[in-house]
Amino acid sequence: KSGPGPYLLRLEDDLEEKRTEHRLESKWQALIMTGIVLAAALLFLYSFLGGKKKETQPITRSDFALDTFITVTLYDTEDTAVLDGCMELCRDYEKLFSKTIEGSDIYRINHREPGQRQITVASETAELIEKGLFYSRLSQGAFDITIAPLSELWDFTGEEKKVPEKEAVRDAASKVDYEKVRVSGREIELLNDQVQLDLGAIAKGYIGDRMKEYLEAQGVKSAVLNLGGNVICIGEQPSGNPFHIGLRKPFGAGYEQAAVLRITDLSVVSSGVYERNFQKDGVNYHHILNPQDGYPYQNGLTDVTIVSELSADGDGLSTVCFSLGLEKGMEVVDALDGVYGFFITEDGELHYSKGAKDLLANQRK
């Protein structure tokens, strides 16, 4: 037999057909790969040229409240309604706790009729008074929420800077006694006509804690609240790093810093002698008054800063520890878990409680 039989011809045809299919398949594979590369390149260019998801821009609101300028900055939302609600909450609490706003709970207590011994207040006011009484007891009266008769004598913000008359100071100091206040539910009992309250040393911290709770309930996870001496951090920076909070150097130029702290979801509260103060005859008179003698504390301290979970505790402790002085104040902080203290003395030296140095920004972890 000459020439290939039918099987061989069919085999050759099959081979040629497969070679043709292979060439077509290779072309399609090349086209597909080219498409994938082009799609990846276009995706990269889209992201690089602005197609990338827009990052949330911080939003801020500032206002004058609580006798200071307050600022709230939210880093993970652009919902201004949340910011508005936070500021409104602050003003609502101020209307309860202020001693100068007519009709507030504290105003009603301090302007009660002679002989009136009991006044019903909001539950939040009763809670704040109870907190103030706790720190009054803790300091054995070195911090006292009934200091209003004394604080009204001293004017650290007006134009006329003068030291009150000794007799007036002595008389006002005799009216200060936290043991003359009782709290039962929403009922506040005052044991004599002379007792008046001033919650200014602790109210900002309490209000700041309530503002933080409100923002967290709205889903905020990254924010800073600055209530003038009280800085409250919610979570951390959007980058995942702690917030950096500076400790102001007493009597430093501008806002010169004594230290910088790394803070995540904590409160930082400072009490110092360098803002609400005046100089007279070589003496620095400041707003942290000694309830015993009626005059500003002169104990070698210029600033106490407390880092804690709750700002109300930081408020109370910063004043308590300043009032007690360096040694006893440090003992109080060291006895508390999760609380850190920074004490600055008149020579400019910075003293640390246990674990406080770990919060410094220049410390390596």
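Start by selecting helix H2 (residues 80-97) and helix H7 (residues 203-217): they pack at about 150° with axes 10 Å apart, so the two are roughly antiparallel (an angle over 145 degrees). Axes here are lines fitted to C-alpha atoms, for helices over the stretch in contact, with angles running from 0 to 180 degrees between N-to-C directions. Helices (H or I, at least four residues) and strands (E, at least two) are DSSP runs, numbered from the N terminus.

A word on the model: it is predicted, so local features need pLDDT of at least 70 and side-chain atom pairs 80 or more, while totals for chains, interfaces and linings use all residues. Residues count from 1 along each chain as its sequence is written, and side-chain values use heavy atoms, without hydrogens and water.

Now show side chains. Contact (heavy atoms within 4.5 Å) brings H2 residues including Leu89, Tyr93 and Phe97 up against H7 residues, among them Tyr206, Met211 and Leu215. By class, that contact has 13 nonpolar, 1 polar and 2 charged residues.

Next, pick the sheet. Its 8 strands run in the order S1-S2-S6-S7-S10-S13-S14-S15, open and with antiparallel pairing. Zoom in on S14 (residues 340-345), which pairs with S15 over 3 bridges, and find Ile344 opposite Leu350.

Last stop: bring H7 back. H7 lies across S2 (68-74), S6 (222-226) and S7 (230-235), at about 20° to S7.

Notes:
Parallel < 35°, antiparallel > 145°, perpendicular 65-115°, else oblique. Nonpolar A, V, L, I, M, F, W, Y, C, P; charged D, E, K, R; others polar. Pairing = 2+ DSSP bridges.
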